[in-house]
Amino acid sequence: MKVDCLIIGGGPAGLTAAIYLGRFRRTTLLVDAGESRAAWIPTTHNLPAFTDGITGRDLLGRMRAQSDLYGAQRMEGTVSALTVGGDGLFQARVNDLTIEAARVLLATGGLDVEPELPGIRQAVKDGIVRYCPICDAFEAVGKRVALVAYGKCRIKEAMLLRGYTDDLTVLTLGQTMHIEQAEEEMLSDAGVRIIQHPITRFSRQGDGVAAWRDDGSEPYVFDVLYSALGTQIRSRLATDLGAACDADGALLVDGHLRTTIKGLFASGDVVQGLSQVSVAAAHAAIAATTMNAELPPIRYRADP
């Protein structure tokens, strides 16, 4: 199977690129493994024009319908291998099919590092545990907020949340926090509590969330709970080709979202930058426009 452009990843970045490339009238295939983090968004009020908010699933559904409208093909599956030949064309292996493409956009995103507790994936899907205060901390103004953080704790995330509430607790789940004394003093001066007691599970309690202790005593109860344990960047397909990345695995790109591999682009959370739908879409718009410009021009011919 041969296409002009192959998009790997069916989240906001990949779908935006599919919309653009379809409108550029390029033969385009999007391969979607169905693992976009955007699908887990309960409701976002952070996207322009969606005054009443929109769920992640609804957003993705609208974007899929729009990409279909402009002729981009979509395929369910996982790209197991990506190679590039001496002619500069890429070959991607999807299930039992080999796809050849002149340009590839990697929009595989990342996975949030989850607290090591049973049932945590369901808790995220139920909206009990959240990952993005930039997205929805505004809805937590004045509420009881907890932040799961241990290891290399994201102090800036805690201080960001402190701007929305004066009742903020950091839960280490009994793990060690690797922070400097000055950072610990910063949290203390800001009135942020640190609870190091082990937690065995989270559950919904009314409109809030309960953090259950391992000694069977009454749980801590919060209105909102966030986790700040970092992100696993899914950039292996690019790094296996030799694409440059940072220490966390985020791909290094130029101003047009080109990686260090000619013809290979990247957009969204797999790239350094702000983990936001709007940013992913902007990345993809730039990348898709550049991909189109690098390919031979299309000459329109009216039907006889």
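**Helix α2**

I started with the length of helix α2 in this predicted model, residues 56-69. At 1.5 Å a residue its 14 residues should span 20 Å, and the end C-alpha atoms are 20 Å apart, which agrees. The expected span is taken as 1.5 Å times one less than the number of residues. Helices here are DSSP runs of H or I with at least four residues, strands are runs of E with at least two, and both are numbered from the N terminus.

As the model is predicted, local features need pLDDT of at least 70 and side-chain atom pairs count only at pLDDT 80 or more, while totals for chains, interfaces and linings use all residues.

Next I asked which residues of α2 are buried. They are G56, L59, L60, M63 and S67; buried means under 20% relative accessible area, exposed over 50%, partly exposed in between, with a 1.4 Å probe and protein chains only. Seen down the axis of α2, the buried residues fall within an arc of 95 degrees, so they line one face of the helix. The arc is that of the directions from the helix axis to the C-beta atoms. An α-helix has 3.6 residues a turn, so residues three or four places apart point the same way. On the face turned away from the buried side I found R57, R62 and L69, which are exposed.

The cover over the buried residues of α2 includes α1 (12-23), β3 (73-76) and α8 (277-294), with contact meaning heavy atoms within 4.5 Å. After α2 comes G71, with a positive phi near 95 degrees.

**Strand β1**

I then looked up β1 (residues 2-8). β1 pairs in the parallel sense with β6 (residues 97-106) over 6 bridges; two strands pair if DSSP finds at least two bridges between them. I7 stands opposite L105 in β6. β1 also pairs in the parallel sense with β2 (residues 28-32), over 4 bridges, and there L6 has L29 as its bridge partner.

**Cores**

Which residues touch the most other members of the largest nonpolar core? Of its 51 residues, these are L6, I8, L82, V104 and L106. Such a core is a set of buried Ala, Val, Leu, Ile, Met, Phe, Trp, Tyr and Cys residues joined through side-chain atoms within 4.5 Å. Leaving aside neighbours within four places in sequence, L82 is in contact with I8, F90, Q91, A92, V104, L237, L241 and L264. Another core lies apart from the largest one and has 21 residues, among them L117, A123, Y131 and V209.

The 5-stranded open sheet has the order β8-β15-β9-β10-β11, with parallel pairing. β8 (129-130) and β11 (193-195) are at its edges, each with a single partner strand, so one side of each is left without a neighbour in the sheet. β9 (residues 145-148) and β15 (residues 224-227) are joined by 4 bridges, and A146 has L225 in β15 as bridge partner. Helix α5 (residues 155-162) lies across β9, β10 (168-171) and β15, at about 175 degrees to β9. Axes are lines fitted to C-alpha atoms, for helices over the stretch in contact, and angles run from 0 to 180 degrees between N-to-C directions.

The 3-stranded open sheet has the order β12-β13-β14, with antiparallel pairing. Bridges between β13 (residues 208-213) and β14 number 3, and A211 has Y220 in β14 as its partner.

Conventions
Residues numbered from 1 in each chain as written. Heavy atoms only, no water.
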